[in-house]
Amino acid sequence: MRSDRGRRPRLEDGYGGRLPQEDAMVRQTRLVGESEEYVGAREELRLAEIGLMRRREEVAALRRALPQGPAVDDYVFLEGPGDLDAGDAPVREVALSELFSGPGRPLIVYHFMYGKLQTSACPMCTLWIDGYNGIAHHVARNADFVIAAAADPPTLRTYARDRGWHRLRLLSCGDSTFKYDLGSEDEDGAQDSTVSVFTRDGDGTVRHTYSAHPRMADDIQERGIDLLTPVWHLLDLTPQGRGDWYPTLDY
């Protein structure tokens, strides 16, 4: 049987016998009964979606082109056994620089809102991390990825066991200033969700390259890290949209 894997598409390969062109109308379905009004509006939306995709790629390029970030402290975290079901001891210390599994690999840290003033796990973070548990092995092909929380190791691991987070590396920030310095914790211990990216120089120096928070401006309080979960984007495909729906720990 002939395989097409790795073969470059020809112009006649696409939907309807040709590859979609940006300047030619592209029907997304073969359904009968679609009104002329619907077809026209859907085509207008397709062009808007193309514009959004291109702008999103431009923003990603700006992110990649950021100047070299500052060197950061080699923060120390607390970590339990690699097997989540193996109990919570022994607990060992692990430095930020030790979280990189190889040269040239970036490190992604998701700051989990749990611990200190956040006495119960954040439902929104839980939604995010439920998804990360499903894709962590894919991310690991290109980057190292960990979850960091203010909660102590037993508390964090107990919650993770209840959620089934067996594919994730879970770290307690202990008494380090990691979360405060990265803006995911205030002086009183109130928590915030954040994503941070780090790199490690050849001499072992760890550098911060990027962080993002839900709050982007006075009028943008919870949309800054929407790209980190597909849930919102799936809901945005529907006529109802995301509305005012908010996740909970149980349904």
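This is a predicted model: local features need pLDDT of at least 70, side-chain atom pairs count only at pLDDT 80 or more; totals for chains, interfaces and linings use all residues.

Reply: Let's start with Arg 161, which is partly exposed because its relative accessibility is 25% (buried is under 20% relative accessible area, exposed over 50%, partly exposed in between, with a 1.4 Å probe and protein chains only). Numbering runs from 1 along each chain as its sequence is written, and side-chain values use heavy atoms, leaving out hydrogens and water.

Arg 161 has a salt bridge to Asp 88, with the closest N and O atoms 3.1 Å apart (the rule: a Lys or Arg side-chain nitrogen within 4 Å of an Asp or Glu carboxyl oxygen). This pair ties together distant parts of the chain, 73 residues apart: Asp 88 sits in the loop between β1 and β2 (92-95), and Arg 161 in helix α3 (residues 153-163). Helices (H or I, at least four residues) and strands (E, at least two) are DSSP runs, numbered from the N terminus.

Next up, Arg 42 and Glu 49 pair with their closest N and O atoms 3.5 Å apart. Arg 42 is partly exposed at 23%, and Glu 49 is partly exposed too, at 36%.

Then there's Asp 201 with Arg 207, 2.7 Å from N to O. Asp 201 is partly exposed at 23%, whereas Arg 207 is buried at 18%. Elsewhere, shared partners join Arg 223, Asp 226, Asp 236 and Arg 242 into one network of salt bridges.
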